[in-house]
Amino acid sequence: MDDLDAARPHWSLDLYLEYLRGFSPPEGPFDPEGEWEHTYVVYPIYAHLDVTGSAWSEKQKGVLGLNRRPSRGGKEVTLEVVSEVTFLDWVPTRTQRTTANITCSADALATPSSWELESVALAAEDGSPVPLSEMRESGALNNRTVELTFEGGRRTFGVADHVTSNWSLFDALQRLARDAAPDVEFDMLEDLRLRREKQSLAPVDETVVETAAGPLHLYGFRQLGAGISPTHYWLDEQGRLLLVLGKMRAYIWRGAVAPTAEAD
């Protein structure tokens, strides 16, 4: 790597460099093993029609809120999730609002053991619930089997020895040493419902980006696996997860505050 390449931010950040120049990163110590609340702006990423690149839109952003509470002497974690994912213009609903309460092990992957999930589609016109779109479901992981229970039915499926969820990873990565990604393949339960197989994590080189507060030093992990686009996770030197960047969606730190029903 020559000096010019070494000075460039990591390529996964290219789409966000202008945005980050106005970004105010958090300050002060952070305890990833303790209780915390993080909120992220969620941007859908889409390709230009002329296939010259990708873009995002302030009009289509959503929000993700995570509240972590350790329990049982730090051996378990409760994650409360509020997710509002905004769709592109051609989808007739504006937002899918999902709330979840997840009990996880405080292990390297924050393995989920049980959870409650609710979801509803919100109409584009006034944000009201779309008729017949509400869903409630409970889930549990036991002996490599996921069991989902919902009104009128039950669904079970097998999983690998190692399991996490997309939301659990936000917790797990903050507790990992920067060069110590789990050396195992794992399944990921996307939104606690869809099995994504043969996932893996690997450290990526540290990088620096310019922000409103000056240079921001980041370290990261890359996730690869079946059924997902490659995803990069970027953390600050205190271990806070600030950026989650994939081909379809980006999560950008908004603050250590409780989530609201609407993005700003």
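Biologist: Is Thr111 buried or exposed, and how is that read?

Modeller: Residues under 20% relative accessible area count as buried, those over 50% as exposed, and those in between as partly exposed (1.4 Å probe, protein chains only). Thr111 has a relative accessible area of 18%, so it is buried. The model is predicted: local features need pLDDT of at least 70, side-chain atom pairs count only at pLDDT 80 or more, and totals for chains, interfaces and linings use all residues. Residues are numbered from 1 along each chain as its sequence is written, and side-chain values use heavy atoms, with hydrogens and water left out.

Biologist: Where is the place of Thr111?

Modeller: Strands (E, at least two residues) and helices (H or I, at least four) are DSSP runs, numbered from the N terminus. Thr111 sits in the loop between strand 6 (93–105) and strand 7 (112–123).

Biologist: Which residues does Thr111 touch, leaving out those up to four places away in sequence?

Modeller: Contact means heavy atoms within 4.5 Å. On that basis Thr111 touches Thr103, Cys104, Ser105, Leu141 and Val163. Val77 is 34 residues away along the chain, and its C-alpha atom is 9.5 Å from that of Thr111.

Biologist: Which side chain makes a polar contact with the side chain of Thr111?

Modeller: A polar contact is a pair of N or O atoms within 3.5 Å; within protein, one must be able to donate a hydrogen and the other to accept it, and residues adjacent in sequence count only if both atoms are side-chain atoms. The side chains of Thr111 and Asp107 are joined by such a contact of 2.8 Å. A polar atom of the Thr111 side chain also lies 3.3 Å from the backbone oxygen of Val163. In strand 1 (residues 36–44) there is His38, which counts as buried because its relative accessibility is 2%.

Biologist: Which residues touch the most other members of the largest nonpolar core?

Modeller: A nonpolar core is a set of buried Ala, Val, Leu, Ile, Met, Phe, Trp, Tyr and Cys residues joined through side-chain atoms within 4.5 Å. The largest one has 59 residues, and Leu64, Ile102, Trp167 and Leu243 touch the most other members. The neighbours of Ile102, not counting residues up to four places away in sequence, include Val77, Trp115, Trp167 and Leu192.

Biologist: How many residues of helix 3 are buried?

Modeller: Nine of the nine residues of helix 3 (residues 166–174) are buried, so the rest of the structure largely encloses this helix. Trp167, Phe170 and Asp171 are among them.

Biologist: What does strand 16 pair with?

Modeller: Two strands pair if DSSP finds at least two bridges between them. Strand 15 (residues 231–236) pairs with strand 16 in the antiparallel sense over four bridges, and Leu235 has Leu241 as its bridge partner in strand 16. The hairpin of these two strands has four residues between them, and Gly239 there takes a positive phi near 95°. On to strand 17 (residues 249–255): strand 16 pairs with it, again antiparallel, over three bridges, with Ala250 as the partner of Leu245. Three residues form the hairpin link from strand 16 to strand 17. Strand 16 (residues 241–245) has five of its five residues buried, so it is largely enclosed by the rest of the structure.

Biologist: How many helices and strands are there in the protein chain?

Modeller: The protein chain has three helices and 17 strands. Of its 264 residues, 45% are buried.
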